[in-house]
Structure formats: C-alpha cells, structure tokens
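Here is a colleague's note to read with the model open beside you. Take the points one at a time, and find each residue on screen as you go.

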Amino acid sequence: MKLNVDVLRYLSKDDFRVLTAVEMGMRNHEIVPSELIDRIASLKHGGTYKVLKNLLKHKLLHHDSSKYDGFRLTYLGYDFLAIKTMVNRGVFAAVGRQIGVGKESDIFEVATEDGTVLAMKLHRLGRVSFRAVKSKRDYLRHRSSYNWLYLSRLAALKEFAFMKALEEHGFPVPNAVDCNRHCVIMSLVQGYPLVQVKQLQNPETVFETILGLVIRLAEHGLIHCDFNEFNIMIDDDEKVTMIDFPQMVSVSHRNAQMYFDRDVECIFKFFRKRFNLSFQENADENDDSEVDADESGRPSFSSISKTSGYLDKELAASGFTRKDQDHIEKFIEGDVEKDSGSDSEGAENEEHVAELNETALRSLDSLHLQEQEECASGSDKEDKVDELHQICEADKHNGSEAQEVSGKEEDGETVDENDPELMKSLNKQRRRAIAAARGGRRNLASRNSYKDKGGRSSHNSKIQKQLSGW
C-alpha cells in the first residue's frame, strides 16, 4: 500500500485516539469489536463511530463483519501511528520520497527540522513474496498466535538492537537513531547497492574487506545470514557499509555453519561473475592469515574462534538459549567437572530405577500368569466347592424338605429325579444359594430381562395377580 502522508495533516486528535484504541484491542483480538473500541477510546456522545467511518474512508482501518462487527489496523494506519509518534518526539519533521522497496520493508527519506536527511525503514512482513516468515524467522519463538503487524514490530526491534550494538563495536553500519513500532530511523548511507555497481578500481581490496567483515562478525558470535550484493552499500571512495540485520543468528545456532558458508559463497560467486576474480591466487597470497581456508580459498567456519566478545549473548540472538548461557558461565567458573559428575551419578540412579521397574513388571507378569494357570487348573475344584457351598446355604435358609434331601445325600441315598416337586425345590434352593454366594448380584439373564415400568404388560400382570387372589 502506497504511503500518502498528505492525509496525516487532516487527522484530528480523536482520529489518533481511535487508532490507538484499535491497536490496543489487537493485542488479544484479531478483529476488535466496535463496542470494545468505543470503551477504550472513551469519546463523548458516541463520537467513536463517526471517527471509524472517517478512518475507513482513508483506508487506515479494515472492517470485518464475517463473524462479528469489528475492525483491524492496516499497514497504512500502523504507519501513521509510528510517524505521528516520531514527529512528536522530534526525530524528524517531514517525509520525502521512497528510495527502496524490499520483500519485507519499504524505505523512505525523512528530514529533520535542521534539514538533515535520514532514512526511515518500515517493516512490512506478510507480503505475498514473504508469507513464510513464521517458519524462516524466529520472531515468534514460543508464541502460538501472531499477526503480521506484531511480527513487523519484532523485526524492527531486532534490527535496531543489532544495528546499535554493531555500531558500538566499530562495524560499518548505519547510525541507529530511533525505533517505534515497525519503524526504524537510521542515518542515510551515501552510496549505492553493490548489485548496481559495474566497475571497481580495486575489486580485490573490496572483496577482502567484505570477506573480512563476515569473519569478524563470526568472531563476535554473529552470522548475517543474508550477506549478499543487495545488502552491501558502497560509496564513491569504495567504502563498504552493511545493512539489513533482522535475520542475524548466533554462531551457536544449529544451522550456523550452513548460513556462514552460504554468505561466503554469495560473495565469491558475485565477484567471480561481475569482476572476473580468480580466488586460487588470492588464497595462495593470503597463506599467512589466521583463519584457515579450504582448497578453494574459502574461510572455514570451524577455524573461527570467538575472541572479540559475545555479541550473540548480549543481544539474545537466535540459537543462543538460556541453557547455553548457563553452561558457558559454569565453564568459566570451573564447575563443569562437578556438573558432569553429578550428571553421571544421576544417570546411574536413573538406570538403577529403570532396572527395578523392569524386575517389578516381570514379577507382576509372572504372578498374573500363575493366577491364570491356577484358575485354569482349579476350575473343577471350584465347581465342586460352589455346589457344597450352595447346599450348605440351602440347609441354613430353607425348611425341612431341604434338610431331608441333604440328609439323604449325606447318607449316600439317591434322590428320585422323577419327582417333579422335589427337583423343583432343589433347583430353587440352588438358585438362592448361587445368589447368596455372589453377594446378591443377578445373573446376566436377569440383568438383561425386561423391566415393567407401566403400560400394557404391567397392567396384565396386575390382572393375573387379582385372579390368582380370587
């Protein structure tokens, strides 16, 4: 979206108040409800809705009513908030022409009150050409929710921090002036991108200077990760300046060697194609350098030692975690041996506990198998015991007929199976004994039987009871 700052002069205080209210609501809302904007802005006599209509006309807000009626900031509205804050701080007083367009940012000229020209970089993550930022950058870290405005703000903060730190350590970078939201103000570099340069008076010297910057960054614990002809500025005196730092990582990153080799390869490839440099001769001439090189003359990442400081630790570059910091501090204090001993003891204890758990599981499995075998082998015995128990329970709870039957069985006399009344009473006694042995639980047949809860069947049963009573 094109930045038209002419609208900025016509916006009132209430307009910026509503824009700020929408920004505050977007901290925990993707689409901010209209009622919430009205409560945060707190304008008199319902003036919020009139202001929202004006902001929509200038495309500073986007209206969405798919799920509920709400609004969200556009990049143009976010630009106006950042520019208004910078003007109130006195950082600059005028916005000029656009001097650069990238895949994730736009660069404009701004002027201070005394006429000094600065560069304003507005980060615009989320463009169609750069939609995979959440997987290629570590701005989110442990966060699960995000929006593009918030990612742009994180990128601007990271670039401002790196630019300021590199400037303090003597690196050729622009002067970091101020930062607000997704906007970074820096000094304007009087030069040209290296990709636009066709001829150099001393291409070998420029090549050695650029390659030395890559090695020096690695010695300070940082890797640029996008060190190519597009992010290198060179002036008429062939002075080199580095730009674009949001993607820098630490040398402790898991892919640090790949990023380092890629930066080096970009430099070698560009100077070989554009200026026809042969690097075998350069490698033979620079045999006295401290950094080891491979057969093609490229510096080796493994031979670079961090001797100039820990910028990645100071700036919390990606790949340098709190665990790495604690480990380095312990190593400096000389406590690594103690920690390693305690770790070994802890590992031995864990192995011992694991062995105990395995033996316990094996014993439980063996007991379970033994119980299954005993159940399988003693099923006949249990059946006999159950029959005797049923008979005993029948003796206790039933009348004289059961006593006579049990007495006949004990005396060895046979029971007449043809007597229906006797067999019926025996079956009834056995069912009662089984129910008593089970603790009053019903069998499956009775559990699944139909229960009368009123209706025709219950009515018929009542009629049958009355007839039997007559």
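1. **How to read the values.** This is a predicted model, in which local features need pLDDT of at least 70 and side-chain atom pairs count only at pLDDT 80 or more, while totals for chains, interfaces and linings use all residues. Residues are numbered from 1 along each chain as its sequence is written, and side-chain values use heavy atoms, with hydrogens and water left out.

2. **The whole chain.** The protein chain holds 17 helices and 13 strands. Here helices (H or I, at least four residues) and strands (E, at least two) are DSSP runs, numbered from the N terminus. Of the 470 residues, 36% are buried. Buried means under 20% relative accessible area, exposed means over 50%, and partly exposed is in between, using a 1.4 Å probe and protein chains only. Among contacts with a separation of 6 or more, 62% join residues 24 or more positions apart; contact means heavy atoms within 4.5 Å.

3. **Helix α8.** Start with residues 256–275, which form α8. This helix has 20 residues and reaches 28 Å from its first C-alpha to its last, close to the 28 Å expected at 1.5 Å a residue. The expected span is 1.5 Å times one less than the number of residues. Its buried residues include Y259, F260, D263, V264 and I267. As a reminder, an α-helix has 3.6 residues a turn, so residues three or four places apart point the same way. N276 follows α8 and has a positive phi, near 55°.

4. **α8 and its partner α7.** How do the axes of α7 and α8 cross? They come within 11 Å and cross at roughly 175°, with α7 covering residues 203–219. That makes α7 roughly antiparallel to α8. The cut-offs are under 35 degrees for roughly parallel, over 145 for roughly antiparallel, 65 to 115 for roughly perpendicular, and oblique for the rest. Axes are lines fitted to C-alpha atoms, for helices over the stretch in contact, and angles run from 0 to 180 degrees between N-to-C directions. On the α7 side, the meeting residues include P203, F207 and L211; on the α8 side, they include F260, I267 and F275. The contact of α7 with α8 divides into 13 nonpolar, no polar and no charged residues. Ala, Val, Leu, Ile, Met, Phe, Trp, Tyr, Cys and Pro count as nonpolar, Asp, Glu, Lys and Arg as charged, and the others, Gly among them, as polar.

5. **Helices α2 and α3.** Now look at α2 (residues 34–41) and α3 (residues 48–57), which pack at about 110° with their axes 10 Å apart. That makes α2 roughly perpendicular to α3. S34, E35, I37, D38 and A41 in α2 meet T48, Y49 and L52 in α3. By class, this contact has four nonpolar, two polar and two charged residues.

6. **A residue between those helices.** S42 sits in the loop between α2 and α3. Its phi is positive, about 55°, although S42 is not a glycine. Is S42 buried, exposed or partly exposed? At a relative accessible area of 49%, S42 is partly exposed.

7. **V32 in strand β1.** V32 belongs to β1, residues 32–33. This residue is buried, with a relative accessible area of 0%. Not counting residues up to four places away in sequence, V32 touches several others, among them V22, M26, I37 and F71. I37 also takes part in the meeting of α2 with α3.

8. **H123 in strand β6.** Find H123 in β6, residues 117–123. H123 counts as buried at 0% relative accessibility. Which residue lies 26 residues from H123 in sequence and 8.8 Å away in space, C-alpha to C-alpha? That residue is L149. Leaving aside neighbours within four places in sequence, H123 is in contact with residues including Y75, E104, S152, E159 and H182.

9. **I83 in helix α4.** I83 is placed in α4, residues 75–89, and is buried at 1% relative accessible area. M120 is 37 residues from I83 in sequence and 9.6 Å from it in space, C-alpha to C-alpha. M120 is also one of the contacts of I83, along with L3, V5, L8, F92 and V95, once neighbours within four places in sequence are left aside.
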